[in-house]
Amino acid sequence: MIQSPRGTRDFLPDDMERRRFYESILRQTAQRSGFREIQTPIFEEAELFILRSGPNILNELYAFKDKGDRDLALRPEMTAPAIRAFVNGMSNDPKPIKIFYFGQCFRYERPQSGRYREFFQFGAEIIGAATPETDAEVIATAVGMIRSLGLKEYKVRIGHIGVLRRKLAEVGITAEDMPPILQKLDKKLYDEAWPLMEDAGVGREDAEKVFDIAGTVGGIEVLDKVEGEETAYLARVLSYLSVMGITEPEIDLGVVRGLDYYTGMVFEAEAPVLGAEKQICGGGSYTLSELFGGEKVFTTGFAIGFDRVLLALEKEGAVSPVKRIDAYVIAASSDTKLRAFEIAGMLRREGLSADIDLSDRKMAKAMKHASSVGSVFAVIVGNEELGTGAVTLRDMSSGEQRLIKISDLPAEIRGH
Ligand code: HAM
């Protein structure tokens, strides 16, 4: 039996109804804050991601050559494609530009719970400004989305990549040596960061100062412990968030993020219920447009790991509404079949959802099928009733049956 490729999933009807339900909540939340949707190709020139996505993503890239010998790659994320689309088609639009996107991304990772090779992101970007206001708006949108899904337990941590970068430069680390050290600091793995720093000629005392910064976690007050324009900037971001009622984020100056393009504020959200793969959202401010042939434009954005928030919601016991069908039409005998199809067609034209028995089942079996497809009513089309222009309408939950004139059927079903 052929299975779906490792790290990918099929979404069956029950899954899809649940996914579409949450996707539409996210879409509405983004639109409520003035973001407009874009869609970009699932594959891009590999170069787009090689230019700035960072070593982790590159190792995970699904890259291939097409028949025209072009180097292409499935998108591992959608920020670079969104900025390419901006450079190509939106660069003259009035700024700031607020866009959002939803779709699948591909990373060649080791699959485990919450980590897939094909997964979905819902993301948003504000292009054209780097201000505390913009950053606050982006974080507020991300938090608003997580709230709107109904997730109960989550943490949001905000940092500024500039603080650690400046400190590392001060103690003598070159820009080239920084990325692996930053990755260790991000995970607060100081024992593993230390040998890398020592090799780069940093003394233990200076290293401790760096670790102190990476370990600065808490409320707005911890910002006072670290001087500099970045912490003053973050204090302003927090003050905007606070007046918008977004009080859950805490400061964590050790947040670095896995992608190389961030230059300023960075933030992450996690759902502790998920265990190892608990990060449900990541974002920050960056510039990429100049790498893709455009002008340098500051941008801030984020992406929510759609599959992971859904997993977290499931673990918290959230239930999404089940889609039901209004009517299931059954011909009581073979000579009423044509009329049954006519009635199903009429109900559909009236805007109701109607299914119809397609396989000459006996009445009891047809009724059983009607309830298994989640029909609210069964419409039984019998010869005798047809003679008076009527059909039998059965309420599938109470079992109550009534004779209804065919012309009254849509109103009866709708009035339920
Ligand atoms: P990222 O942190 O690499 O950021 O991914 C965002 C989210 O996607 C993660 O927090 C996680 O929930 C989810 N995710 C990542 N990899 C997987 C996977 N293999 N399986 C399931 N979920 C996964 C970005 O991609 C940036 N483009 C975010 C951004 C937008 N920054 C600025 N604008």
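Which side chain does R19 meet in a salt bridge? The partner is D307, at 3.1 Å from N to O; a salt bridge here means a side-chain nitrogen of Lys or Arg within 4 Å of a carboxyl oxygen of Asp or Glu. Keep in mind that this is a predicted model, where local features need pLDDT of at least 70, side-chain atom pairs count only at pLDDT 80 or more, and totals for chains, interfaces and linings use all residues. Residues are numbered from 1 along each chain as its sequence is written, and side-chain values use heavy atoms, with hydrogens and water left out.

- Across the whole structure, a search turns up 32 salt bridges.

**Around the ligand**
- There are 26 residues around the ligand, and E77, T79, E109, Y262 and Q279 come nearest (to be near, a residue needs a heavy atom within 4 Å).
- By type, this shell holds eleven nonpolar, eight polar and seven charged residues (Ala, Val, Leu, Ile, Met, Phe, Trp, Tyr, Cys and Pro are nonpolar, Asp, Glu, Lys and Arg charged, and the others, Gly among them, polar).
- Strand 11 gives the largest share of the shell, six residues.

**Ligand contacts**
- A nitrogen atom of the ligand lies 2.6 Å from a polar side-chain atom of Y262, and a ligand nitrogen is 2.7 Å from an N or O atom in the side chain of T79 (polar contacts pair N or O atoms within 3.5 Å).
- C281 takes part through its backbone: a polar atom there is 3.4 Å from an oxygen atom of the ligand.
- Taken alone, the ligand exposes 650 Å², and the protein buries 96% of that (Shrake-Rupley areas, 1.4 Å probe).

- Most residues other than glycine have a negative phi, and most peptide bonds are trans.
- K95 and P96 are joined by a cis peptide bond, with omega about 0°; P96 lies in the loop between helix 4 (79-89) and strand 5 (97-106).
- D69, not a glycine, has a positive phi near 65° and lies in the loop between strand 3 (63-65) and strand 4 (71-74).

Definitions and conventions. A polar contact is a pair of N or O atoms within 3.5 Å; within protein, one must be able to donate a hydrogen and the other to accept it, and residues adjacent in sequence count only if both atoms are side-chain atoms. Helices (H or I, at least four residues) and strands (E, at least two) are DSSP runs, numbered from the N terminus.
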